[in-house]
Amino acid sequence: MHVRVTLIAAARGSSLLAERFDDDRPLDQAGWGEVQRVAHVLVPLAAAELRYCSPTPRSRATGDALGLAPLVQPALRDCDMGRWRGMTLGEAMAREPEAVDAWLADPYSAAHGGEPLAAFVQRVGGWLDTRPADDGGRIVAVAEPAVVRAALVHALKSYPSTYWNLDVRPLSTATLTGRAGRWNLRFDAQSERV
């Protein structure tokens, strides 16, 4: 049996320039406004049989604002950024330029003392591959944009370094159809969201 997983990138909790690694901040005012502007398009996803979210405050708040009442999934947490947690990329670069360069160049590097990018993609992919098709064919999950990127890399069986070529904007969606080990990226018209 096939399953359909729609991933929704959480609304933002800060401006793009102020984004921090492994950020636990809640939605900011702009994020709330963005959710209100697109809710009419995304609210129909609440009809999915299974509704999940990552454990971050902004993912939970985005899911709640969309009427999903999502179940928190620890496997959908953001990448563990070790000692860079809470820093911006610029701050990490200022403190440890060689470590940042190594992390950006090698998906198996844990230069920050946290989770390598390849392990992050594998963890999120493991969650995706274990979605129960027999409990319902439609699943929706609200997660950090980084988690959505990791899921797409896994689903497309791409190299972990492809992660850096995906731009997932807040409140964007991606739909994957298939089953463990065989996923297809699906693009839907707005009227086919559910």
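This is a predicted model: local features need pLDDT of at least 70, side-chain atom pairs count only at pLDDT 80 or more; totals for chains, interfaces and linings use all residues.

**Helix α5, end to end**

- Helix α5 covers residues 117-129, which makes 13 residues, and at 1.5 Å a residue it should span 18 Å.
- As background, an α-helix has 3.6 residues a turn, so residues three or four places apart point the same way.

- Arg-123 has a salt bridge to Glu-115, with their closest N and O atoms 2.8 Å apart.
- Arg-123 counts as buried because its relative accessible area is 14%, under the 20% cut-off.
- Glu-115 is buried too, with a relative accessible area of 12%.

**Aromatic pairs**

- The count of aromatic pairs comes to 5.
- One of them joins Tyr-52 and Trp-127 edge-to-face, at 5.5 Å centre to centre and with 85° between the planes.
- Tyr-52 belongs to strand β2 and Trp-127 to helix α5, so this pair ties together parts that are 75 residues apart in sequence.
- Tyr-52 and Trp-127 are both buried.
- Another edge-to-face pair is Trp-84 with Trp-103, at 5.6 Å centre to centre and 85° between the planes.
- Here the parts tied together are 19 residues apart in sequence, since Trp-84 is in the loop between β3 (71-72) and α3, while Trp-103 is in helix α4 (residues 97-105).
- Trp-84 and Trp-103 are buried as well.
- Ring pairs also link up into a cluster made of Trp-84, Trp-103, Phe-120, Tyr-163 and Trp-164.

- The model has 6 salt bridges by count.
- Among them is the one between Glu-49 and Arg-138, whose closest N and O atoms are 3.5 Å apart.
- That pair links distant parts of the chain, 89 residues apart: Glu-49 is in the loop between α1 (29-42) and β2, and Arg-138 is in strand β4.
- Glu-49 counts as partly exposed at 39% relative accessibility, and Arg-138 counts as partly exposed at 27%.
- Glu-96 and Arg-83 also meet through their side chains in a salt bridge, at 2.8 Å from N to O.
- Glu-96 sits in the loop between α3 and α4 and Arg-83 in the loop between β3 and α3, so the pair ties together parts 13 residues apart in sequence.
- Glu-96 is buried, with a relative accessible area of 18%, whereas Arg-83 is partly exposed at 45%.

- Met-93, Leu-104 and Trp-164 make a nonpolar surface patch of about 230 Å².
- You'll find Met-93 in helix α3 (residues 89-95).
- Met-93 is partly exposed, with a relative accessible area of 31%.
- That value is enough for a place in the patch, because patch residues need over 30% relative accessible area.

Notes
Residues are numbered from 1 along each chain as its sequence is written. Side-chain values use heavy atoms; hydrogens and water are left out. Helices (H or I, at least four residues) and strands (E, at least two) are DSSP runs, numbered from the N terminus. The expected span of a helix is 1.5 Å times one less than its number of residues. Patches are made of residues with over 30% relative accessible area and no salt bridge: like charges are joined within 9 Å, nonpolar side chains (Val, Leu, Ile, Met, Phe, Trp, Tyr) within 5 Å. Accessible areas come from the Shrake-Rupley method with a 1.4 Å probe; for residues, only the protein chains shown count as cover. A salt bridge is a side-chain nitrogen of Lys or Arg within 4 Å of a carboxyl oxygen of Asp or Glu. Buried means under 20% relative accessible area, exposed over 50%, partly exposed in between (1.4 Å probe, protein chains only). Rings of Phe, Tyr and Trp (its six-membered ring) pair if their centres lie within 6.5 Å; planes under 30 degrees apart count as stacked, over 60 as edge-to-face and the rest as tilted.
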